[in-house]
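Please look at the sequence and structure before reading the points.

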Amino acid sequence: MSLIKQFLKSRPEVKVTFVVTREAAGDAHQVFLLGEFNQWQPHAMRRLKSGEFKTTLNLPTDEQAQYQFCYQLIDEAGTERYDNDWEADAYVPCPYGRDNSVVQVQP
């Protein structure tokens with residue numbers, strides 16, 4: 001997993017690319033990004049030929065946001081699994097007994 005940040009000179013935003021590696025996705029057929037920046041609503045990530053999942057969002061600078069990945073697994077029950085970004089900028093406890101990943105977008 002990784003975070004790629006590109007600070008925009010024309011706007012007070014940072015283009016953040018979230019990547020879930022093939023190894024991390026495992027047998028997931030779909031991966032969603034959920035976070036404070038999208039009111040915790042699932043944002044579908046695009047599956048690449050390499051098996052990675054990727055999405056890019058513009059986030060306001062001088063902020064930080066919590067997020068998680070949700071994997072929809074291929075099984076009869078339609079199981080979902082939540083995971084942190086292994087390369088997040090930080091981690092904070094959430095009310096569900098696990099940690100959330102944190103992305104910091106400060107120049």
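The points below are grouped by topic, after a short note on the model.

This is a predicted model, in which local features need pLDDT of at least 70, side-chain atom pairs count only at pLDDT 80 or more, and totals for chains, interfaces and linings use all residues. Residues are numbered from 1 along each chain as its sequence is written, and side-chain values use heavy atoms, with hydrogens and water left out.

**Aromatic pairs**

- The structure holds 4 aromatic pairs; rings of Phe, Tyr and Trp (its six-membered ring) pair if their centres lie within 6.5 Å, and planes under 30 degrees apart count as stacked, over 60 as edge-to-face and the rest as tilted.
- One of the pairs is F18 with F37, which is tilted, with 5.8 Å centre to centre and 35° between the planes.
- This pair links distant parts of the chain, 19 residues apart: F18 is in strand β2 (residues 13-20), and F37 is in the loop between β3 (28-35) and β4 (43-44).
- Strands (E, at least two residues) are DSSP runs, numbered from the N terminus.
- F37 also forms a tilted pair with Y67, at 6.4 Å centre to centre and 40° between the planes.
- Because F37 lies in the loop between β3 and β4 and Y67 in strand β7 (residues 63-73), the pair ties together parts that are 30 residues apart in sequence.
- F18, F37, Y67 and F69 form one aromatic cluster.

**Burial of the ring residues**

- Buried means under 20% relative accessible area, exposed over 50%, and partly exposed in between (1.4 Å probe, protein chains only).
- F18 counts as buried because its relative accessibility is 0%, and Y67 is buried with a relative accessible area of 0%.
- F37 has 22% relative accessibility, so F37 counts as partly exposed.

**Charge over a ring**

- R81 lies over the face of Y71, at 4.2 Å from the ring centre; the rule asks for NZ of Lys or CZ of Arg within 6 Å of the ring centre and within 35 degrees of the ring normal.

**Cysteines**

- A disulfide is a covalent bond between the sulfur atoms of two cysteines.
- Here a disulfide is counted as a pair of cysteine sulfur atoms within 2.5 Å, and the count comes to 0 disulfides.
- The closest cysteine sulfur to that of C70 is in C94, 13 Å away, which is too far for a bond.
- C70 counts as buried at 3% relative accessibility, and C94 counts as buried at 12%.

Key
Helices (H or I, at least four residues) and strands (E, at least two) are DSSP runs, numbered from the N terminus.
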